[in-house]
Amino acid sequence: MKRACVIGWPVAHSRSPVIHRYWLKFYGLDGAYELEAVPPEEAGSFFKNLGKRGYAGANVTLPHKETALSAATHADQAAKAIGAANTLWLDDSGLLHATNTDAYGFMTHLAEVAPDWNKAGRPVMVLGAGGAARAILHGLIQAAGAKITLANRTTTRASALAQSFGPRISVVAWEERNGALAGCGLVVNATSLGMTGRPPLSIDLSALPLDATVADIVYSPLETPLLAAAKARRNRVVDGLGMLLHQAVPGFERWFGVRPAVTPELRAHVAAHLEAS
Ligand SMILES: NC(=O)c1ccc[n+]([C@@H]2O[C@H](COP(=O)([O-])OP(=O)(O)OC[C@H]3O[C@@H](n4cnc5c(N)ncnc54)[C@H](OP(=O)(O)O)[C@@H]3O)[C@@H](O)[C@H]2O)c1
């Protein structure tokens, strides 16, 4: 039986088991997906002994994504550019490989819901400068030539991020975010604002063109206050659940040998789980 797990500290909140166990059952595979709560001081040795623990690979969540990257023998371009790994697998020789599938997950869902999001090559606005924002910026830069405006509460963090990605990204002060929406074709909330238990993202969408797409990577609640406001003025919206589902695909394929599909049934299953918790 093949086994994979999600490694984090804490880890109980992870939605990954709900997704991977759904696929294991759906495809009738002899596999298991487990939760591993690993404290930071043990993470390095846990990764090195992943095979000995009987795992074919793992997902990695906070706070271990950087440790996972440095523990891997081979990291792909996405993991290196994002500076963090969320998916690991062992090859036939027992070497540990790392990737980061957040950019893939975000871009795949964006292309599915809003295939023409970049048709006119208009500027993109990204809010946030944490780990998830870094992945989103990597995905956007790989996919399109559009100019990207970045705003974050802590401007120095946005500037450091912009610098590491090069001249395509320009930073605006957090206080300037409303005006900077003028002419944008896409706006992405990559902050944690709007999450259940957190304040909503405070933003005035008036300057945003009505045909722009509004994406939120927060998936709990499924409809964040930002998405509700965007919907009310008839902007097209992209929620965070699709990213969560698509980012899980490459890992499952590596560990269990089947490329799983992101279907409306999986989406409903995970959405029901989110609602119940
Ligand atoms: N859909 C998915 O698959 C997916 C994947 C990854 C993450 N996410 C979600 O994305 C969100 C961000 O994750 P992360 O890992 O990037 O977190 P993070 O590294 O902790 O970054 C948090 C970001 O939110 C900003 N922020 C927090 N509180 C704020 C406030 N009161 N006012 C203004 N800005 C505030 C931070 O700004 P400062 O720099 O100023 O602190 C920072 O930019 C989380 O909600 C996470 O669940 C979703």
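## A salt bridge between the domains

The side chains of Arg 267 and Asp 239 meet in a salt bridge, with N and O 2.5 Å apart; the term stands for a side-chain nitrogen of Lys or Arg within 4 Å of a carboxyl oxygen of Asp or Glu. The model is predicted: local features need pLDDT of at least 70 and side-chain atom pairs count only at pLDDT 80 or more, while totals for chains, interfaces and linings use all residues. Residues are numbered from 1 along each chain as its sequence is written, and side-chain values use heavy atoms, with hydrogens and water left out.

Across the interface of domain 1 and domain 2, the rule finds one salt bridge. Six residue pairs between the two domains are in polar contact, both residues being at pLDDT 80 or more. A polar contact is a pair of N or O atoms within 3.5 Å; within protein, one must be able to donate a hydrogen and the other to accept it, and residues adjacent in sequence count only if both atoms are side-chain atoms.

Domain 1 covers 2–101 + 248–276 and domain 2 covers 103–242, with bounds from an automatic or database domain assignment. Their C-alpha centres lie 26 Å apart. In contact (heavy atoms within 4.5 Å) are 15 residues of domain 1 and 15 residues of domain 2.

The size of an interface is often given as the accessible area lost when the parts come together. Between domain 1 and domain 2 the buried area is about 1100 Å², with 56% from carbon and sulfur atoms; this is the accessible area (1.4 Å probe) that two parts lose on being put together, summed over both. Ile 82, Arg 267 and Leu 274 supply 43% of the area that domain 1 buries against domain 2, more than any other three residues.

## Other salt bridges

In the whole structure, a search finds seven salt bridges. One of them joins Glu 34 and Arg 3, with the closest N and O atoms 2.8 Å apart. Glu 34 lies in strand E2 (residues 31–37) and Arg 3 in strand E1 (residues 2–8), 31 residues apart; helices (H or I, at least four residues) and strands (E, at least two) are DSSP runs, numbered from the N terminus. Glu 34 is partly exposed, at 24% relative accessible area, where buried means under 20%, exposed over 50% and partly exposed in between (1.4 Å probe, protein chains only).

Arg 122 and Asp 211 also form a salt bridge through their side chains (3.0 Å, N to O). Arg 122 is in the loop between helix H5 (102–113) and strand E7 (124–127) and Asp 211 in the loop between strand E10 (186–189) and strand E11 (213–216), so the pair ties together parts 89 residues apart in sequence. Arg 122 is partly exposed at 24%, whereas Asp 211 is exposed at 52%.

## Surroundings of Asn 86

Asn 86 sits in the loop between H4 and strand E5 (87–90). With a relative accessible area of 3%, Asn 86 is buried. The side chain of Asn 86 makes a polar contact with the side chain of Thr 87 at 3.0 Å, and also reaches the backbone nitrogen of Thr 101 at 2.9 Å.

Leaving aside neighbours within four places in sequence, the residues in contact with Asn 86 include Ala 58, Asn 59, Val 60, Lys 65, Asp 102 and Gln 247.
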